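Hi everyone, thanks for coming. I'd like to walk you through one structure today, so please have a look at it first.

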Amino acid sequence: MFETPQGLPPEDADRLAAVGGMKWAYLERTIRAGEASRREATPTEPPTAPGLRDWIARVGMLRYTMVIEEGWLLLNHMNMALVVDPAQTVAVGVLAGDAGTGWPDPIRPKSRYPKGSAFANAVAGTDLTLFSNAEAGHPEVLEPSAIESLDLWLLLTYRTIQGDKAMVYSELSRPDSVSPSGYIVDWRDRVILPRLTFEEVIDGDGRDDDGGIDVLVEEI
């Protein structure tokens with residue numbers, strides 16, 4: 001089902017490590033979990049089911065992995081499901097990007113779908129008021145000083161079908177600005193990740209590759 005990806009250059013591995021100890025292995029595990037969950041969708045489910053399953057699995061695996069492997073904290077902002085490093089300096093989430101995702105400069109990706117005002121404020125660093133999911137047993141709360149210094153990073157992915165293969169391009173990037181129409185259009189820093197290739201098992205079913213739902217401010 002899977003093809004082994006190329007390795008991550010040492011300099012990019014170091015850049016990932018600077019984001020709270022992030023590793024390519026963690027992000028690869030996250031993307032693979034999403035692809036595996038996507039393939040569990042059945043024809044009787046809504047047309048958005050594959051993409052929604054993919055997104056749920058990516059969010060869940062990323063957060064689970066970082067909590068277990070690195071001791072990160074589960075935190076939520078409105079409907080954004082984030083995971084925050086123990087030093088409370090970095091928050092990471094997931095997002096669907098466009099066809100520019102995973103390609104080096106001068107190609108620059110945009111978010112595939114527009115985001116809400118809360119996310120735009122978070123990108124601008126003016127309103128990333130995180131609060132815990134106490135019902136899930138995670139009562140951690142960030143102090144205002146920690147909120148002000150928190151950097152938001154996103155695992156950006158773009159899935160496309162080429163022949164009989166599904167390919168996922170990705171990067172871990174820090175958003176910089178949101179357009180008036182709500183799309184992320186620029187990035188402060190980008191770490192391009194290896195492309196992953198999967199056997200395509202759903203052929204011509206007419207479903208949107210990302211379920212038409214990946215709205216970060218509502219879903220992350």
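**Salt bridges and a helix**

Let's start with the charged pairs: the structure holds 17 salt bridges, each being a side-chain nitrogen of Lys or Arg within 4 Å of a carboxyl oxygen of Asp or Glu. Keep in mind that this is a predicted model, where local features need pLDDT of at least 70, side-chain atom pairs count only at pLDDT 80 or more, and totals for chains, interfaces and linings use all residues. Residues are numbered from 1 along each chain as its sequence is written, and side-chain values use heavy atoms, with hydrogens and water left out.

Take Glu35 and Arg159, whose closest N and O atoms are 2.9 Å apart. Glu35 sits in helix α2 and Arg159 in strand β5 (residues 151-162), 124 residues apart; helices (H or I, at least four residues) and strands (E, at least two) are DSSP runs, numbered from the N terminus. Glu35 counts as buried at 1% relative accessibility, and Arg159 is buried too, at 8%. Buried means under 20% relative accessible area, exposed over 50%, and partly exposed in between (1.4 Å probe, protein chains only).

Now to another pair: Asp105 forms a salt bridge with Arg190, at 2.8 Å between the closest N and O atoms. Asp105 lies in the loop between β4 (90-96) and α4 (117-124) and Arg190 in strand β7, so the pair ties together parts 85 residues apart in sequence. Salt bridges with shared partners join Asp105, Arg108, Glu171, Asp186 and Arg190 into one network.
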